[in-house]
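Visitor: I have this structure open and would like to learn how its features get their labels. Could you take me through some of them?

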Amino acid sequence: QLGRMFVMAARSMGYAVVVLDPDADCPAAQWADQHIQASYDDTAALDRLAQQCAAITTEFENVPARSLEYLARLRPVRPSAIVLAITQDRIREKKFLKSHGFVTAPYAVVEQRLALAEALQQVATPALMKSSRSGYDGKGQRWINSLAEAEKAFDDLGGQPCVLEAGVMIQTEISVLLVRAVDGQVVAYPPGENIHREGILDVSIVPARISSELTERATQIAIRIAENLAYCGVMAVEFFIAKNGELLVNEIAPRPHNSGHYTVDACATSQFEQQVRALCGLPPGDARLLSPAVMVNLLGDLWRAEQAPPWERALSHAHAKLHLYGKHVARPGRKMGHYTVLGESVESSFSQAMAIQNALKMHAELTR
Ligand code: AMP
């Protein structure tokens, strides 16, 4: 869906877009000028993509970094392969953050099962075992409280390298979204406050209900991360604000972010237009927030036997904007769309967004 919204922004700005994606029915291809249906490491497909495109970007950090490296010999690729290589691997990402002085939750690297006992001496429980690669939306993570649970979690996650991370007593989760242009110019959006349910983003509230001091600090950290990565493109940095007031970097997304979907309706320039601008060597657009906004994800849990929810329950609110991603199969936990409520205040947007969510959930319950 990030690719789809990028394609929509690019096309409305007059660009033609070629999408490479292995899925015949991928949401981005429905809007693209052309779809190359191939795996991300298919060299002939990458050659075709490069032949047809003046510049190349990605919406997905799990594309093999090697494929971007290959493409970068032929065309500008933004963000770079090295940025993807770091951010698609939690161990590398944590090491990057630590070596540049950015504070994260305490963690230990677990390359093999035998290292678990030592890791547990370094990291207090409860702790989260996170697979180093391919995790997203809370997938590839297990809470553990003991060595036995750690061993089981490590095995469950496939015996692959993991990061064991101390559980943080989280007060608030926030994310800072920014764009950094080819010439290094950076524009950041106001931090959004994120509420997760079962590891998946549920609601984003913008601006976040945090102090101006924390807003400033988080924004400066995100900008410094982008600078240290020599970043070009749209990037989101997720943070935890701990109950003890500490500000910890959780992770870096080298792409537009789910928590930035509100920018489509509530900002002078959407995160997707910013990605187009950065890719095409244009300066960043104005990131001003035009209205407080609350974004709510629509997961497949709301669908009943392929039957979409009654959208009039959302759209009867004049301030609600509905976005669906063109996915034909609804599964629990699958992101099918979102809506954004633009109100006079954060409070009024939030209460209207929750009223809509309750109505949609109630309908799904009653038609179970
Ligand atoms: P992640 O995929 O690492 O962003 O984790 C998904 C969600 O799990 C986060 O947004 C948090 O809500 C929760 N989570 C991740 N790491 C921690 C942690 N160290 N302590 C407490 N909650 C966490």
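Guide: Tyr15 is partly exposed, with a relative accessible area of 33%; the label follows because buried means under 20%, exposed over 50% and partly exposed in between, with a 1.4 Å probe and protein chains only. This is a predicted model, in which local features need pLDDT of at least 70 and side-chain atom pairs count only at pLDDT 80 or more, while totals for chains, interfaces and linings use all residues. Residues are numbered from 1 along each chain as its sequence is written, and side-chain values use heavy atoms, with hydrogens and water left out.

Visitor: Where does Tyr15 lie, and what makes Met13, Tyr15 and Leu282 a patch?

Guide: Tyr15 lies in the loop between helix H1 (2–12) and S1; helices (H or I, at least four residues) and strands (E, at least two) are DSSP runs, numbered from the N terminus. Met13, Tyr15 and Leu282 form a nonpolar patch on the surface, with about 220 Å² of accessible area together, an area that comes from the Shrake-Rupley method with a 1.4 Å probe, where for residues only the protein chains shown count as cover. Patches are made of residues with over 30% relative accessible area and no salt bridge, like charges being joined within 9 Å and nonpolar side chains (Val, Leu, Ile, Met, Phe, Trp, Tyr) within 5 Å; a salt bridge is a side-chain nitrogen of Lys or Arg within 4 Å of a carboxyl oxygen of Asp or Glu.

Visitor: Why are the buried residues of H2 said to line one face of the helix?

Guide: The buried residues of helix H2 (residues 43–52) are Ala45, Leu46, Leu49 and Ala50. Seen down the axis of H2, they fall within an arc of 135°, so they line one face, the arc being that of the directions from the helix axis to the C-beta atoms. On the other side of H2, Ala44 and Gln51 are exposed.

Visitor: Which bond joins Arg78 and Pro79?

Guide: A cis peptide bond joins them, with omega about 0°, and Pro79 lies in the loop between H3 and helix H4 (81–87).
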